[in-house]
Amino acid sequence: MSNGILSRNIRKMNHCGTSCSTIKCWKWDITPVILMHNKPSLRYAVLILNRPISQEEAFMKNFWEKATLRITVDGGALRWDQFLTRLPEEISNKMKIPDLITGDFDSIAEETLQKYKKKGCKVVHTPDQDYTDFTKALKELNNHCQEHTIEVDNVIAIGQASGRLDQILGNIQTLYLAEKQHLLHPETKLYLMSGDSLSWLLEPGNHIISIPEETRKHNRAWCSLVPIGETCHSVTTSGLMWNLDNQSLKFGELVSTSNAFDGSDTVKIKCSHTILWSMKVPSLTGE
């Protein structure tokens, strides 16, 4: 990809001089993710989930305005409405409206829904109870992009990893469904932003993650590697305070939560199975 957030290549490792196996390699740089509003060439979509918006006000305002697509998911429309009320009226009145409002609408007041309809927002009712509103919103986002010939390199869903545990797990499930069921374009990357953290999936292979300077220098910066749904039989890392050396990650045994950084510019991770990577980004909440 050309956006600098993720580059992917294939490296071949020869064995016995004749046969070879293919290992996927990724390079991740989240700096453009948190500075997207300063990079007009980047194409991204923002989804507001039904949780309080805790990101720093100036960041959130610019992040929304510069997005290629803006979507509120069910009660997320109310959360966005509440955020706007915290802004000066002359600013909130000029903010762009959501391109889409989706959901089964069990957590949005009819008054709020009608208000945004009158403003010209496209409203898509997604009543299917086999999937969460977040998952269904990704499907509608993809449909909208295909219908209007829009390309986005990244999708950032904004929610809080607090409150109901089942909803938190449901959001993580959506990250997996997006990958397994190809809910988005193959080159579109999905991130979950919660407070001052970003989370995304690391597929089996080698990963090099560039660590922003603000994270490296923060004395309480944390990170985690969590297996979800299956054992990750082998994980090897460098650049962490507590590195793993061909170790297994499994619930009931070892899970790498509350890890930290050793000050290196990059963290390198080799994993045998998909794991959830999360890390602190202080500037998201103005630290």
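These notebook entries set out what I looked up in this structure.

**Entry 1. Ground rules**

I worked with a predicted model, in which local features need pLDDT of at least 70, side-chain atom pairs count only at pLDDT 80 or more, and totals for chains, interfaces and linings use all residues. Residues are numbered from 1 along each chain as its sequence is written, and side-chain values use heavy atoms, with hydrogens and water left out.

**Entry 2. The sheet**

I began with the strands. Helices (H or I, at least four residues) and strands (E, at least two) are DSSP runs, numbered from the N terminus. Two strands are taken as paired if DSSP finds at least two bridges between them.

I found an open sheet of 10 strands with mixed pairing, in the order S6-S5-S4-S3-S7-S8-S9-S16-S11-S14. Which strands stand at the edges? They are S6 (122-125) and S14 (256-259); each has a single partner strand, so one side of each is left without a neighbour in the sheet. Neighbouring strands of this sheet are turned by 20° against each other on average, direction ignored. For such angles, axes are lines fitted to C-alpha atoms, for helices over the stretch in contact, and angles run from 0 to 180 degrees between N-to-C directions.

I then turned to S3 (44-48). Is S3 largely enclosed or left open? I noted that 5 of its 5 residues are buried, so S3 is largely enclosed by the rest of the structure. Here buried means under 20% relative accessible area, exposed over 50%, and partly exposed in between (1.4 Å probe, protein chains only). Tyr44, Val46 and Ile48 cover one side of the strand and Ala45 and Leu47 the other, and all are buried.

S3 runs parallel to S7, with 5 bridges joining the two; Tyr44 stands opposite Asn154 in S7. S3 also runs parallel to S4, joined by 4 bridges, and Ala45 stands opposite Leu69 of S4. I followed S7 (residues 154-159) onward to S8 (residues 189-194), with which it pairs in the parallel sense over 6 bridges. In that pair, Ile156 faces Tyr191 in S8.

Helix H2 (residues 57-65) lies across S3, S4 (69-73), S7 and S8, and runs at about 125° to S3.

**Entry 3. The largest pocket**

I looked next for open space. On a 1 Å grid over the protein atoms alone, a pocket is an open set of points with protein on both sides within 12 Å along at least five of seven lines, whereas a cavity is a set where a 1.4 Å probe fits but cannot get out; lining residues have an atom within 4 Å of a point. Grid points are joined across faces, edges and corners, and a volume is the space filled by probe spheres set on the points.

The largest pocket holds about 540 Å³ of space. Its lining has 24 residues, and Thr132, Asp133, Phe134, Gln167 and Asn171 lie nearest the centre. Helix H6 (133-147) and helix H7 (165-180) each supply at least two lining residues. Which element gives the largest share of the lining? It is H7, with 5 residues.

By class, I recorded 5 nonpolar, 10 polar and 9 charged residues in the lining. Ala, Val, Leu, Ile, Met, Phe, Trp, Tyr, Cys and Pro count as nonpolar, Asp, Glu, Lys and Arg as charged, and the others, Gly among them, as polar.

Contact means heavy atoms within 4.5 Å. Not counting residues up to four places away in sequence, Asn171 touches Leu49, Phe134 and Leu192.

**Entry 4. Further single residues**

His144 is found in H6 and is buried, with a relative accessible area of 9%. Beyond residues up to four places away in sequence, His144 touches Leu69, Leu100, Lys122 and Ile150.

Asp74 has a positive phi of about 50° although it is not a glycine; Asp74 lies in the loop between S4 and helix H3 (76-85) and counts as buried at 1% relative accessibility. His182, also not a glycine, has a positive phi of about 55°. His182 lies in the loop between H7 and S8 and is exposed, at 62% relative accessible area.

Last, I placed Phe261 in the loop between S14 and strand S15 (266-271). Phe261 is buried, with a relative accessible area of 9%. Leaving aside neighbours within four places in sequence, its contacts include Trp222, Leu240, Met241 and Trp277.
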